[in-house]
Amino acid sequence: INAEYMGTLSECLFFFAMAMAPEPEPPVTSSGALKCLLLVMGKHPRPKLAMLLGLLAAMWVLLMVDLVTPGMQLRQYGIWSRRPLGLAAVLWAPLIHVGLLHLGGNSVCLLLTGRAIFTYHDSLRLFPAVTGFVWLSSGFLVWLCGVGGPHVGLGGTVFGHFTFILGTAFLVRPIQPRNAALAVVLAVVLGGTMLGGLMPDDARLSWIGYVCGGVMGLVAAGIYVRHLRSIPGGQKYNELDVVANTQATLEDVPAAAALPHVVINTQPAAPNEAEVFHYK
């Protein structure tokens with residue numbers, strides 16, 4: 001398999017994940033503590049929370065079942081390198097953890113990196129696309145290149161999030177100071193944890209999972225930046241192009257002008273031609 005074929009396959013997998021992700025939903029209002037939590041999540045908060053909390057809930061439920069059921073040992077269903085049955089475990093191995101500390105650390109990292117992806121790129125499709133791409137591709141690499149097993153845990157996927165954030169922050173031109181600053185802060189906060197995964201003191205920690213996840217996170221960043229460069233105004237992202245099927249009129253301008261960073265074309269559109277709004 002040559003490099004060009006692998007690159008094309010990676011792009012197909014990445015954009016398939018984006019196509020399967022949910023469409024943006026209108027913002028909703030709430031109250032109390034939930035309102036504060038939704039405010040932190042920015043635009044479209046409920047779908048974002050559903051993605052993050054749903055993934056966390058699945059992992060914590062599996063861990064509780066594992067802890068309270070004698071002899072369960074879900075870790076034995078992780079990825080066993082180069083064993084035919086071990087390849088199927090790529091689908092569920094990141095959900096399995098070996099203890100409270102293991103899952104607690106990955107949960108905190110997931111919340112931070114997931115929130116950062118939503119902050120940098122305000123698109124509901126990107127987080128599940130990056131997660132699915134890194135999850136599957138890094139899992140396959142662990143199965144192909146790893147030693148022994150079982151390999152379990154979300155650490156490789158979270159490290160892929162981390163490298164994706166760093167990659168997109170500095171590969172996009174021009175570099176946006178806010179995104180670069182947030183990437184540096186995230187590197188300071190999570191850098192020790194991530195380096196600990198690459199150079200573990202515990203022999204049971206799968207450093208190969210972190211390496212594979214980090215590499216595929218950079219691959220996802222490269223694919224995404226390449227995609228941004230292929231669309232008009234793509235470098236000035238936070239939202240992928242949102243196509244509106246209605247024509248903006250002069251009456252729309254006062255109301256829309258109150259919304260920051262919204263560029264509206266008030267020129268008459270050609271028949272059957274949609275206007276493109278870029279959220280910067």
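The points below go through a predicted model of one protein chain, from its overall make-up to a few of its packed residues.

1. Overall make-up. The secondary structure of the protein chain comes to 10 helices and 2 strands, and along the sequence these elements follow the pattern α-α-α-α-α-α-α-α-α-β-α-β. The chain has 280 residues, of which 41% count as buried. Among contacts between residues at least 6 apart in sequence, 74% join residues at least 24 apart.

2. Helix 5 against helix 7. Two packed helices are described by the angle between their axes and the distance between the axes. For helix 5 (residues 100–120) and helix 7 (residues 155–171), that angle is about 30° and the axes are 9 Å apart. Because angles under 35 degrees count as roughly parallel, helix 5 is described as roughly parallel to helix 7. The crossing of helix 5 and helix 7 is left-handed.

3. Residues in that contact. On the side of helix 5, the contact is made by Asn-106, Cys-109, Leu-110, Thr-113, Ala-116, Ile-117 and Tyr-120, while helix 7 contributes Gly-155, Val-158, His-161, Phe-162, Phe-164, Ile-165, Thr-168 and Ala-169. Sorted by class, the contact of helix 5 with helix 7 has 10 nonpolar and 5 polar residues, and no charged residues.

4. Aromatic pairs. The structure holds 5 aromatic pairs. In one of them, the ring centres of Phe-164 and Tyr-224 are 6.0 Å apart and the ring planes stand at 45°, so the pair is tilted. This pair links distant parts of the chain, since Phe-164 lies in helix 7 and Tyr-224 in helix 9 (residues 207–229), 60 residues apart. Phe-164 has 0% relative accessibility and therefore counts as buried; Tyr-224, at 1% relative accessibility, also counts as buried. Elsewhere in the account of aromatic residues, Phe-159, Phe-162 and Tyr-210 form one aromatic cluster.

5. The surroundings of Phe-127. Phe-127 lies in helix 6 (residues 126–145), and with a relative accessibility of 3% Phe-127 counts as buried. Not counting residues up to four places away in sequence, Phe-127 touches Met-51, Leu-52, Leu-110, Gly-114, Ile-117, Phe-118 and His-161. Phe-127 and Leu-52 are 75 residues apart in sequence, yet 9.5 Å apart in space, C-alpha to C-alpha. Leu-110, Ile-117 and His-161, which are among the residues touched by Phe-127, also take part in the contact between helix 5 and helix 7.

Conventions: Residues numbered from 1 in each chain as written. Predicted model: local features only at pLDDT ≥ 70, side-chain atom pairs only at ≥ 80, totals over all residues. Heavy atoms only, no water. Axes fitted to C-alpha atoms, helices over the stretch in contact; angles between N-to-C directions. Helix = DSSP H or I, 4+ residues; strand = E, 2+ residues; numbered from the N terminus. Parallel < 35°, antiparallel > 145°, perpendicular 65-115°, else oblique. Left-handed = near helix turned anticlockwise from the far one by under 90°. Contact = heavy atoms within 4.5 Å. Nonpolar A, V, L, I, M, F, W, Y, C, P; charged D, E, K, R; others polar. Phe/Tyr/Trp six-rings, centres within 6.5 Å; stacked < 30°, edge-to-face > 60°. Buried < 20%, exposed > 50% of the residue type's maximum accessible area, 1.4 Å probe, protein only.
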